[in-house]
Amino acid sequence: MTAGPDRAALQTNLRQSLAWALMPVCCCGGLPIPFMIGYAAYRLRNTTLWIFAAAYLAVEGAV
């Protein structure tokens, strides 16, 4: 048996992080979107989401 967070806590954190990642779908767009994606990347510890957040911010900055 290993020590660490229980499965229910991990599933709750995953659901909350996915909700933050999908929040831009409910928004009209704008500057908060890459920061919401970045927060989800932080919570999920997912480098792919970090890349998408940075790319989204770069595109918004260019526009």
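Biologist: In what order do the elements of the protein chain run from the N terminus on?
Modeller: Helices (H or I, at least four residues) and strands (E, at least two) are DSSP runs, numbered from the N terminus. Here the order is α-α-α. The totals are three helices and zero strands.

Biologist: Before I go on, how should I read the numbers?
Modeller: This is a predicted model, where local features need pLDDT of at least 70 and side-chain atom pairs count only at pLDDT 80 or more, while totals for chains, interfaces and linings use all residues. Residues are numbered from 1 along each chain as its sequence is written, and side-chain values use heavy atoms, with hydrogens and water left out.

Biologist: What share of the 63 residues is buried?
Modeller: Buried means under 20% relative accessible area, exposed over 50%, and partly exposed in between (1.4 Å probe, protein chains only). In this chain, buried residues make up 17% of the 63.

Biologist: Which residues form the largest nonpolar core?
Modeller: In soluble globular proteins, nonpolar side chains tend to be buried together. A nonpolar core is a set of buried Ala, Val, Leu, Ile, Met, Phe, Trp, Tyr and Cys residues joined through side-chain atoms within 4.5 Å. The largest one here has seven residues: Ile33, Met36, Ile37, Ala40, Ala41, Leu49 and Ala53. The elements that give two or more residues to this core are α2 and α3. Helix α2 gives the most, with five.

Biologist: Which residues is Ala41 in contact with, leaving aside its neighbours within four places in sequence?
Modeller: Contact means heavy atoms within 4.5 Å. With those neighbours set aside, Ala41 touches Asn46, Leu49 and Trp50. Gly38, counted the same way, is in contact with Trp50 and Ala53.

Biologist: Is Gly38 buried or exposed?
Modeller: Gly38 is found in helix α2. Gly38 counts as buried because its relative accessibility is 9%.

Biologist: How far apart in space are Leu18 and Ala40?
Modeller: Their C-alpha atoms are 6.8 Å apart, and the two residues are 22 apart in sequence. Leu18 sits in helix α1. Leu18 is partly exposed because its relative accessible area is 40%.

Biologist: And Pro32 and Leu57: what separates their C-alpha atoms?
Modeller: The separation is 9.4 Å, for residues 25 apart along the chain. Pro32 belongs to helix α2. At a relative accessible area of 47%, Pro32 is partly exposed.

Biologist: Which residues make the nonpolar surface patch?
Modeller: Like charges are joined within 9 Å, nonpolar side chains (Val, Leu, Ile, Met, Phe, Trp, Tyr) within 5 Å. Here Trp20, Met23, Tyr39, Tyr42 and Trp50 make a patch of about 530 Å². Met23 lies in the loop between α1 (7-22) and α2 (32-44). With 32% relative accessibility, Met23 counts as partly exposed.

Biologist: What is the phi of Arg45?
Modeller: Most residues other than glycine have a negative phi. Arg45 has a positive phi of about 55°, although it is not a glycine. The loop between α2 and α3 holds Arg45. Arg45 counts as exposed because its relative accessibility is 73%.

Key
Patches are made of residues with over 30% relative accessible area and no salt bridge: like charges are joined within 9 Å, nonpolar side chains (Val, Leu, Ile, Met, Phe, Trp, Tyr) within 5 Å. Accessible areas come from the Shrake-Rupley method with a 1.4 Å probe; for residues, only the protein chains shown count as cover. A salt bridge is a side-chain nitrogen of Lys or Arg within 4 Å of a carboxyl oxygen of Asp or Glu.
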